[in-house]
Every structure is written in structure tokens, then in C-alpha cells.
There are 2 protein chains.
Amino acid sequence: MTEKEKHTEEKIAEAAREVFIEKGMDGARMQEIADKAGINKSLLHYYFRSKEKLFNFVLSKIMSIIGSRLGVIMQEDVAIIDKVKAFVDLYTDLLLKNPFLPNFIFNEITRNPDGLIDRFSTANIKPGEFIKPLERQLKKEGYSINPHDFVLNLLSMVIFPVAGRPIIQILLFEGDSSAYKKYIVSRKESIVTYVMYALEGYRIKQ
Amino acid sequence: MTEKEKHTEEKIAEAAREVFIEKGMDGARMQEIADKAGINKSLLHYYFRSKEKLFNFVLSKIMSIIGSRLGVIMQEDVAIIDKVKAFVDLYTDLLLKNPFLPNFIFNEITRNPDGLIDRFSTANIKPGEFIKPLERQLKKEGYSINPHDFVLNLLSMVIFPVAGRPIIQILLFEGDSSAYKKYIVSRKESIVTYVMYALEGYRIKQ
DNA sequence: AAAAAGTTTGACCAAATGGTTAAATATATC
DNA sequence: GATATATTTAACCATTTGGTCAAACTTTTT
């Protein structure tokens, strides 16, 4: 009973996750989620009362995962460049596996920006906790860069090329899908190099 | 007559632009566009036969503007760092004025990636024409960086922070809207510095 | 000024969509 | 094995939404 319930609920959550991420809240259809889960549409409403409730459930789960990963990396007590490396590796892989994720997040925060603060608490994400350690570490290693710039530039370079895949693929690779993928993987290294070179310029000479 | 027609058509196009950009194709409602244009819903269909036609019209216009701006900058025969400066200035302003634009583009290319190639031709955007001059210029100035990395990192750093505004604003500025805006403006300079420092590392010593 | 052509409107329609409900089926409890 | 409880289904509903149409109104043409 609890076993089966878990099974159905999981199936629904998984299907909903896929559809919502690919189509967004507005584009997603309850019927499509039901079909993908191999169940009746009424059953969706039996487990999750409404589309919105289902959506919130899915989004919360995703944000928790992303947030906790980010938190772990940012709070590790290692050299800046190792943090960068860990971050780039982890998120490149995550994004390659979930190419619709960035657009989904962008879409949702645009659609409902006011709900974001609550979502952060629900997902137990505490921004201060991973900006501050970074700030300390940059100072400790003698880099005078604004930590906000540092973290935002990094996030940008990792996430944007995946979020804008179709454009990038055409703009830089004449639509060649495998060339694009190979390139994104290669960026794991080239981003780290780029950041390293940039940081060099911010080193406080003494 | 032609005067009035222009007036109404323009009003519709402008209203449609606003609504589509903010809500996306799926989220936009023909009624809302009609209301915003101050006209009857039937009139929308009189000028633009269907929602899709109206959407395509709006999107094409936007892409043409963005593309032509990019083309001009990329083909100017000036030092790399001046290109970077021009690009950052122009696009930061564009994005501050149209904060929903990036998400709109992401959304659309995700929703319908196959239509993108046609849209590029319609908007008369020729990717090769602004990648190649950049490639030459980088070589000429003795930087060994992969041009793809260079251009993508730049695009990322300019666009991402605006696309992800609600998150960034909470993550870095505790939700303070004016602090966020001030910061984005300040990035006009800090991005250029960051890129300059990074490029330094790619300089071929001789 | 009459006819023709173009523009605008309100009423209406069919399809899609999120959601409900009562009955049927399976499962657990006694 | 009977009763109660939980799960699943099919039929149905109300609302929303893109779109149509004929009539009314304006403007242009003759």
C-alpha cells in the first residue's frame, strides 16, 4: 500500500518534473503529465490537488538539490581555483543532463518573482552562507576582485551557454549538435583557465 | 487611412511586443494584447491573422534589431578591448530597458528550436560575419584564446545577470532593487576590466 | 451623393484545459 | 469473509481561449 503509493506518487513527480522543465508552468498540460506517468488525469488531482501544487512540489525539489550542491562547494575550505574547478565540473555535468533546467528557472522567476524568497527558504538556501566564505577566501589569497563580480561571472559562463544552446549551436557551430556538446565539455577546462588568468590581474602586488 | 492604419497596426505591435516579452508565447493572451492596445480582440485578427503570426512578427522585429546591433559592433575595425567596451555598454543599456528580453529569447528557442534557423535568415543575421572579424582581430593582437570562448564568455557575463535578475537580486543584494540596478550599471566597467585581465593571460609572449 | 472598399465592433463558436464526482476496484482491518 | 478504507477510472463540468462572422461605421473612389 505505502509501497504502491510511493510508486505512483514517484511516477507522477518524475513525469511532472520532465514536462514542467521542458514546457514551463504555462506550457505544461496536466494531460501530458498523466500520459507520461501512465495514469489517469484524475489521479494527478488525487495525489496533488492542483496544477500549482504539483508545480510547487517539483520546483522545490529541484531548488533544494541545486542549492545544496552549491552550498557544499562554496563552503569547502579550499583554494579559490579549486572551488572554481569543482563548481564548473559539477554544474556542467548537471546542465548537460538537464539542458532545460536554466530556462525553466529563468522562466519561473520571471513568471512569479515574488514567490522566490519563500522558495529559497523552503529549499533551505541561505545566500549569505556561500558568499561570505568566498569573500574570505578571495581576501586571504590576495585578490582584490569584488566577490559579487567573481561569483556572477562564474555562474554566467557556466549557465548561459547551456541556457542558450540552440542559439549558440547555430551561431558558433552551424547547428552541429555533437560539436556543441564537445565544446561545452571542453569549457570545463577553458572556463577555469579564463578565471585563473582574470584573477591574476586582481592579485594585489606586494 | 494609411496614416490611421499605421497607427492601429503600430499600437497592436507595440502592445503585443510588451505582452509577449513579459509572458512568453504560452503565457500571453490575445485579450490582454487587445486591451493594452485599446482595441477589440477581433481587430487583432484583422491585422494579424493568428496569434502565431503576430508572435512571429514581433519576434522577427526584435531579432533584427539585436542582430544588426551586434553585427555593427563586431565588424568595426577597432581594438578588441574597445569592441568589448562597446558591446558591454550597448547591451547593458538595451537589457536594462528590456529586462524580460533574455528570458523571452531563451523561452522561445526552447519552445521551438527548429524555427531558429529560419528566424536568423529572416532577421538577416549571418553568424560568420561577426565571428570571423573577431577571430582576425584576436590573432592580430596576439591573443591565443579560442574565439568561441571569448565571445561566449562575454555574452554570458552581460546577459546572464539580467536574465536571472530576481535570483541575483536576492542572492547578492537581499532583494534590494536599486542596489541591483546600480550594480548592473557598474558591471559595464568591471566586465571590461575582467576581460582585459583574462586576455592578458592569453597574450603570446615573444 | 452614391457606391465601393476598408475598418471596427459585439455576439458567438469550438476546442482545450484544469478540475470534480460518483462509481468501481483494490487493499487493509476486523 | 465482511466491512471499512484507500486507489483508480470514466464521464462530466465550467471556464478560458483563439478564432469567426455578419453587421455597423468610416473613409475613399467615382
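Domain bounds, as used in these legends, come from an automatic or database domain assignment. The model shown is predicted.

**View 1. The two domains of chain A.** Chain A is split into domain 1, covering 1-49, and domain 2, covering 60-202. Taken over C-alpha atoms, the centres of domain 1 of chain A and domain 2 of chain A lie 29 Å apart.

**View 2. Where domain 1 of chain A meets domain 2 of chain A.** On the domain 1 side, seven residues are in contact with eight residues of domain 2 of chain A. Together the two domains of chain A bury about 690 Å², and 64% of this area is on carbon and sulfur atoms. The side of domain 1 of chain A that touches domain 2 of chain A consists of three nonpolar, one polar and three charged residues. The number of salt bridges between domain 1 of chain A and domain 2 of chain A is zero. One residue pair in polar contact is found across this interface, with both residues at pLDDT 80 or more.

**View 3. The interface of chain B and chain A.** Here 50 residues of chain B are in contact with 50 residues of chain A. About 4,700 Å² is buried between chain B and chain A, and carbon and sulfur atoms give 73% of it. Between chain B and chain A there are 13 residue pairs in polar contact, both residues of each pair being at pLDDT 80 or more.

**View 4. A salt bridge between the chains.** Two salt bridges are counted between chain B and chain A. The side chains of Arg187(A) and Asp149(B) form a salt bridge, with 3.6 Å from N to O.

**View 5. Phe20(B) and its surroundings.** The largest nonpolar core has 147 residues. Phe20(A) and Phe20(B) are the residues with the most contacts inside this core. Neighbours within four places in sequence are left aside in this view of Phe20(B). The residues then in contact with Phe20(B) are Met25(B), Ala28(B), Ile33(B), Lys51(B), Leu54(B), Phe55(B), Val58(B) and Phe104(B).

Technical notes
Residues numbered from 1 in each chain as written. Chains lettered and ligands numbered in written order. Predicted model: local features only at pLDDT ≥ 70, side-chain atom pairs only at ≥ 80, totals over all residues. Heavy atoms only, no water. Core = buried A, V, L, I, M, F, W, Y, C linked by side-chain atoms within 4.5 Å. Buried < 20%, exposed > 50% of the residue type's maximum accessible area, 1.4 Å probe, protein only. Contact = heavy atoms within 4.5 Å. Buried area = accessible area lost by both parts, 1.4 Å probe. Salt bridge = Lys/Arg side-chain N within 4 Å of Asp/Glu carboxyl O. Polar contact = N/O pair within 3.5 Å; in protein donor to acceptor, adjacent residues only side chain to side chain. Nonpolar A, V, L, I, M, F, W, Y, C, P; charged D, E, K, R; others polar.
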